[in-house]
Amino acid sequence: MSSVDQILEREVRRGMTRQDLIKRAGALGLVLTAGSFGPLTEAAFARTQIKRGGTFRYATPGGPSDFIDGLHIVAKSDQARRMATFDPLALFNTNGKIELALAEELKAEKANQYLIRVKDGIEFHNGKTLTIDDVIYSIKRTLDPKLKLFGQGPLSAIDPKRIKKLDKRTCRLFLSRPDVTLSESFAQHYQGVVPVGYSPTGLGKGRLAYVGTGAFKVKSFTPGRESVHVRNPNYWRNGQPYFDEVRIINFTGDASKVNALLSGQVDAIIDVPYAQVPIVRSRKDLRMYSAPTGAWDPLCMRVDVAPYKDVRVRRALRLLANRPQMVAQGLSGFGHIGNDLFAPGDALAGKGFPQRQYDPEQAKSLLKQAGQSDLAIELITSPQDTGMVEGATIFAQNAKAGGVTVKVTDRADAFYDDQYLKYPFSADYWGTRNYLQQVAVGMLSTAAFNETHWDAYENYPKYKALYGQALGAVDEKKRGAIIHEMQQMEYNDGGLIIWGFKNLTDAYSAKVGGFKIDPGTLNLNKYGNGFRTIYFV
Amino acid sequence: MHGITGFVVRRLLLGLLTLFAASLIIFGATQALPGDAARSILGRAAQPESLALLRHQLGLDKPVWQQYWEWISGVFTGDLGSSLANGLAVTDVLGERLLYSSFLMLIAAAISVPLGIVLGAVSARKRDSAFDQTAGVATLGLAALPEFVVGITLAVLFSTTVFHVLPSVIVTEEGVGPWHYPKEFVLPVLTLVIAVVPYTSRIMRASTVEILESDFVEMARLKGLSESRVLWRHAVPNALAPTFQVTALNLAYLAGGIVVVETVFNYPGIGSLLVESVRARDMPTVQAIALLITGLYVVLNLLADLATILVSPRLRTSLE
C-alpha cells in the first residue's frame, strides 16, 4: 500500500495545487498534520512550474460565420472554441491512440453493436449532472439531417431508433451496418457531448446554448471578433484548467497575427507562414510548435477521363514527382514525403510498400507504351492551403524530364461549388484521418469528395467489397490485411499523387508551458486540449 | 431655386442618383462572385441537400431582381437586412466598427490635411531649395508605396523587430471606445497619414507655385508686403481650391485605405469587416459597407465643391 505522501505526490503530478490538496484532503480520506506535506509531495510541488491563473490570448483565423456548437465545426476558429467548451466521449491522445474522456467505457461488443457508459458525477456548466440521456440526445442530434452537422456521415451507421438505454449511465447502440471505426468517429474533434434539449439557434440564443462540460465556460462571443471563456470551477479533471480566462481573438491576416505574437499582444498563433518561421525561431521569448501530421495536398487524376484513364499514364505521372524536392521547396522542409497512400498515422495502414522514387526514364517508357510521348496536360491548383500551388509548380518542373508539359493554372475559385471535383487533373487538400475514415469521404462512389472518380476504376467493386469487410472486422490483424489489399490497389493503379505530408507550424510564447507534440489534425496540441493542459510558467 | 441652396439641392439629388447606380453595380458585383453564403457557412463537407435547404432558408434561391428589390427597399427604410453569416442585424454588426473606423479616419484626416497643406505651401515658397527637393523625393517615394508595405514596415520598425515601443496590432475589448487605446492608434494613423500627405502636399505645392507667379502676388510683393504675409494671406487661400478637390478625393480614399490598414493592424473597423464578409459571402454586410463608402464619396465631393465655390469669388458670384 502506498503512503499518504506517495498518494499526494501523484496528485501533484496530475496537476493539483497546494490549495487543492488542502481542500480535498478530507475527501481523499487523508489527515494532514497542520497542513504540512511529506518530502515527496513537497518535491513534486517544487518540480511543477505551473502557475495558476492568468488570461491566455489566442489569435484565431476565422470570420463572421464563426459559431460555437458542441457537435459541429467548419473553420479552425470553431474547433478551438468547441474544444474549450465541450468534452467528447473519447479523444485521440498524442500517440494517436483512443483515450476515453467523458466515457468510462466505449467499445464494440460486435462489429454492429456498441456499448457506451459515461463517467459518474460530471457536471454541465449549468449544474446538471451528465447522464447517458445526454449522450443519446447528442447522437440523435448529430444524425438529424435537418441540422447538417459534421458528424452526420461518420455516425450514420447508428440506428437512432434502436438505441437502448441500460441504466442511468449506460446504453447500447445497434448499427444498421458493421462499422468498427465508430470509436474513431466518437473521438473526432467535432464530436462533443451536449445536454438533453440543447438546441441553440445561433448566437447564444436558443436552449442551453454554449452549455457543455468543458474546462471553460463561454462568457461572451461576437462572431468574427472575439470570444471570452472563463474557468469552469467544477471541471471534472483534477486540477485542470489552469488559466482563469481564455480569450480567442479573431485575426484577418497572416501579417497581423504574426506581428501580434512578436509584439507580445497574443500568446499563441497557428499556421505561421513558412517565410516567417525563421523570425519566430530567432526570438528567445517565442517557441515554434512543429508537429508532423497526416495532412496532405494530393494531385488528383480522374481515372475515368483520358489520358488518365490509361493506368500507364497515371503510373508515369506518379514517377514524375520528385517528392524530396517537393517537400523541401513546396513545404520549405516542414513535412515528410508521401508514397501515394494516405493515413500515415494509421497503425493498420501503409506497411510494406516500397517508397516510390523519381524516375523520369521509366515514366518516359510507360508513356511511350501508352502512346503519349508528347503529353501536354493542365493541372489546376488553388491557393486554398499552403503547399498546393507550390507543390503543383514544382511537379510541373519535375515532369519536364519525362517529356510531359504541365501547364499549371492557379484558380482561386476552384473550390467554390466544388468545381475542382470536375477537373481531370487538380490539386486538393486534406486533413489527418485514419484509413477507413478517409476512404469513406474521398474514395467511395458515395464520398462527397471523390476527386479521382475512383468508382470508375475497373476493380472498384472488389475495393468496395473489401471496404465493407474491413468495417466488419473487429480483429485488428484481419482488418489490417484487408486494408493492405485495398492499399495495394491504390498503390498500383490509383489516381492520387500523394507527394508529402505537412507539419504544423504554430508558435507560442515561452511564458506558456504544457504543449505536447501531437500528430493529430488539430493545431497546437489540440489547442492545448481545449486550453486545459497548458499554463503559464 | 437659385444660389447656393439650389446648387446643394441639385447636387444632393444627383448624389442620390449616383447612390442608386452604385447600388446596382454593388449588387451585381456581389452576385458575380463565385460561391455563396450557404457554402461558406456549411463548409466543404456540406451535402447538396443541406446546401439547398440553407439556400432556401437564407432566401438565396429567390430570383435576383427580387433579392435586389428586398434589399434596396430595406435600405430606404433604414433596414440593411441581416448578416447571412451569423443572423445578426447588419446595423448591429456595423455599430461599433463604424465608430472605430470613423475615429481612425477623422484623426488621420485631422493630421494629414493641415500637414499636407503646410508642407506643400512651404515647398512652393522655397522652390528648388534643399528642403523642397528632399520633401519632393520623400513624398513621391512614399506615394509609390502601397499601404500594406508602409504598415508592415512601420510595425517592423516600431513594434516587432527594431524597436519594441508600440503595439503592432490593436486588441480591443467589446463596448470600449477607440479613444481608450491611444498607443494602439499610432501606427494605423501614421500609415494613413503617410498614404495621404504626399498627394495633398504635391497638389498644394503645384497650385501655390502657380499662384506665386501670378500678377496679383507680384502686386502684393511690390506693395512691400513681407514674403510670409504674401504666402499665407494671399497665395495660400487661392491655392486651396484645387487642394480641396484632392483632399476630398483623398479622404474618400482613406475610406478605402482603411480596408488594407485595418487588415494589417487587425483593427476592428468596417474595412476589416468588409474583407471578412467578402470571404464569408455575407452579401448584406458587403453591400451595406460598399454603399456606405459610396455615400461618403458623394458627400465628400459635394463638400469639396462647396468649399471650392466658397473660396473662389468667380464661381461664387456665377451662382447668384
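**Helix H7 of chain A**

I began with what the buried residues of H7(A) pack against: strand S1 (55–60), strand S13 (268–269), strand S14 (286–289) and strand S23 (506–509) of chain A, plus H7 and H10 of chain B. Helices here are DSSP runs of H or I with at least four residues, strands are runs of E with at least two, and both are numbered from the N terminus. I counted a contact when two C-beta atoms, placed from the backbone, lie within 7 Å.

This is a predicted model, so I noted the limits: local features need pLDDT of at least 70, side-chain atom pairs count only at pLDDT 80 or more, and totals for chains, interfaces and linings use all residues. Residues are numbered from 1 along each chain as its sequence is written, and chains are lettered from A and ligands numbered from 1 in the order written.

How many of the nine residues of H7(A) (residues 254–262) are buried? Eight are, so the helix is largely enclosed by the rest of the structure. Buried means 20 or more other C-beta atoms within 10 Å of the residue's own; exposed means 12 or fewer, and partly exposed is in between, with C-beta atoms placed from the backbone. Lys257(A) and Asn259(A) are among the buried ones. After the helix comes Gly264(A), with a positive phi near 75 degrees.

**Cores**

I looked up Ile269(A) next: leaving out residues up to four places away in sequence, it touches Ala59(A), Lys257(A), Val258(A), Leu261(A), Asp506(A) and Ala507(A). Ile269(A) is also listed with Tyr58(A), Ala507(A) and Phe531(A) as having the most contacts inside the largest nonpolar core, which has 112 residues. Such a core is a set of buried Ala, Val, Leu, Ile, Met, Phe, Trp, Tyr and Cys residues joined through C-beta atoms within 7 Å. H10(B) gives the most to this core, 17 residues. A second, separate core has 60 residues, including Trp430(A) and Trp454(A).

**Chain A against chain B**

I found 39 residues from chain B and 29 residues from chain A in the contact. H11(B) supplies the largest share of the chain B side, five residues.

**A three-strand sheet**

I then checked the open sheet in chain A, which runs S15-S22-S17 with antiparallel pairing; strands pair if DSSP finds at least two bridges between them. S15 (292–296) and S17 (335–337) of chain A stand at the edges with a single partner strand each, so one side of each has no neighbour in the sheet. S17(A) and S22(A) (residues 500–503) pair over three bridges, and His336(A) stands opposite Phe501(A).
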